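I opened my notebook to look up a few things in this structure, one entry at a time. Here is what I wrote down, in case you want to follow along.

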Amino acid sequence: MESKTFKFSKENNMDFSHLLKQRVNNYFQENGIDKHGDHRIFIKTIIMLFIYAVPYGMLLAGVFSSLWMFFSLWLLMAVGMSGLGLNVMHDAIHGAYTSKPRVNKLLGLVFNALGAHDVVWHLQHNVLHHTYANIHGGDDDLVVTPVLRFSPEQEHKSIHKFQHIYAWFLYGMMTIGKITVNDFVRTVRYWKMGLIKSNSKFRRVMTNVILWKLFYYSYALVLPLTLIPISTGYIVAGFFLMHFVTGLSLSLVFQSGHIMPKCDFPIPDSTGNLDHNFAVHQLMTTSNFDQGNRLMTWFIGGLNYQIEHHLFPTICHTHYPQISKIVAQTTEEFGLPYNSEKTFAHAIWNHGKMLKELGKERVLA
């Protein structure tokens, strides 16, 4: 099993790509702004760390007076976990958090400390998803489980007609799957695809994945089971609740950016060639939502500006609201799509409609 290679057009709409890149670069140069993170993301990092770490410390110390407070602390940890993933880890692994690669690498390890793995995520997300968004056989984010159909090119199963009903529960299981089996499965798959280049590197990555999993389970589950003065069942339930809320939150943010009625699912020709260049491909396969909601933008790391993120993944998310105006203006001038949902609720609703449509045997004819 080798990694498939698709080729974007180097002719169609290249004027758009060059002009957009020039305008965005001019914005930063003329205003004397660094494309990487500034004080805003540093402050946010501290806040998210506190939201995750303080409830954890309170749980270990037994600082809760009721079951309601006990589970509320796990919910707060879910907020912190989601915030760290969306704001810190995501920008760091994209190289957008800071201009210093070593600092980005260090901050990317936040992902490992939350039970996942930075190398596996980089290959899945940066290499495959960002390059081949919504392309069946290229975008690994389309490969979740056989009972979810995210592409009209994916094999249809009879159970898919109910996916708009059960998908939400599976979304909640996303991070649980990641901290248990998914990272191991993807490590093996990326080795077979040639994305992990050698047997020795494969062994290093797999060993690293195992060690980080052991570290995570030691502090996140074993230590609470040892120190918290409450029954094992409640602790396991709290741990599950934290991951379910995190998984559901992250899934809704990411799926609302691509598995949408307005988004295309391009089909390469027999030689792997695509009709559009890279930038236009991102426009056609991506959607924004709730762009005017400053609180939403702050909490989810600017990923409601999914178009800007896919066009400029190495630019820190704190700049997306400003450059979105440039992107919207330039797409309008060239008559290109700029997909956006009015609110997050609208985006989730339309994502559900898309799941139902993809659940049919024949879609997007």
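Predicted model: local features only at pLDDT ≥ 70, side-chain atom pairs only at ≥ 80, totals over all residues.

Leaving aside its neighbours within four places in sequence, which residues is glutamine 282 in contact with?

**Entry 1: glutamine 282**

I looked up the contacts and found His130, Thr131, Ala133, His310 and Leu311 for glutamine 282, leaving aside neighbours within four places in sequence. I then located glutamine 282 itself, and its place is in helix α10, residues 278–285. Is glutamine 282 buried or exposed? I noted a relative accessibility of 0%, so glutamine 282 counts as buried, the cut-off for that being under 20%.

**Entry 2: cysteines**

How many disulfides does the structure hold? I found zero disulfides. Cysteine 263 has 3% relative accessibility and so counts as buried. Cysteine 316 has 0%, and it counts as buried too.

**Entry 3: salt bridges**

I turned to the charged pairs next, and the structure holds eight salt bridges. One of them joins the side chains of aspartate 118 and lysine 105, at 2.6 Å from N to O. Aspartate 118 lies in helix α5 (residues 118–129) and lysine 105 in helix α4 (residues 101–113), so this pair ties together parts that are 13 residues apart in sequence. I compared how the two partners sit: aspartate 118 is buried at 6% relative accessibility, whereas lysine 105 is partly exposed at 44%.

**Entry 4: aspartate 140 and its partners**

The side chains of arginine 186 and aspartate 140 meet in a salt bridge of 2.3 Å, N to O. This pair links distant parts of the chain, with arginine 186 in helix α7 (residues 174–193) and aspartate 140 in the loop between α5 and α6, 46 residues apart. Arginine 186 counts as buried at 9% relative accessibility, and aspartate 140 is buried at 6%.

Aspartate 140 also forms a salt bridge with arginine 189, where the closest N and O atoms are 2.9 Å apart.

Helix α6 (residues 163–172) packs with helix α9 (residues 232–255) at about 120 degrees, their axes 6 Å apart. They are therefore oblique to each other. On the α6 side I listed Trp168, Phe169, Tyr171 and Gly172, and on the α9 side the contact includes His243, Phe244 and Leu248.

I then looked up α6 with helix α14 (residues 344–358), which pack at about 120 degrees with axes 9 Å apart. This pair is therefore oblique as well. From α6 the contact uses Gln163, His164, Ala167, Trp168 and Tyr171, and from α14 the residues include Ile348, His351 and Lys356. How do the residues of the contact of α6 with α14 divide by class? I wrote down six nonpolar, four polar and one charged.

Key: Residues numbered from 1 in each chain as written. Heavy atoms only, no water. Axes fitted to C-alpha atoms, helices over the stretch in contact; angles between N-to-C directions. Helix = DSSP H or I, 4+ residues; strand = E, 2+ residues; numbered from the N terminus. Parallel < 35°, antiparallel > 145°, perpendicular 65-115°, else oblique. Contact = heavy atoms within 4.5 Å. Disulfide = S-S within 2.5 Å. Buried < 20%, exposed > 50% of the residue type's maximum accessible area, 1.4 Å probe, protein only. Salt bridge = Lys/Arg side-chain N within 4 Å of Asp/Glu carboxyl O. Nonpolar A, V, L, I, M, F, W, Y, C, P; charged D, E, K, R; others polar.
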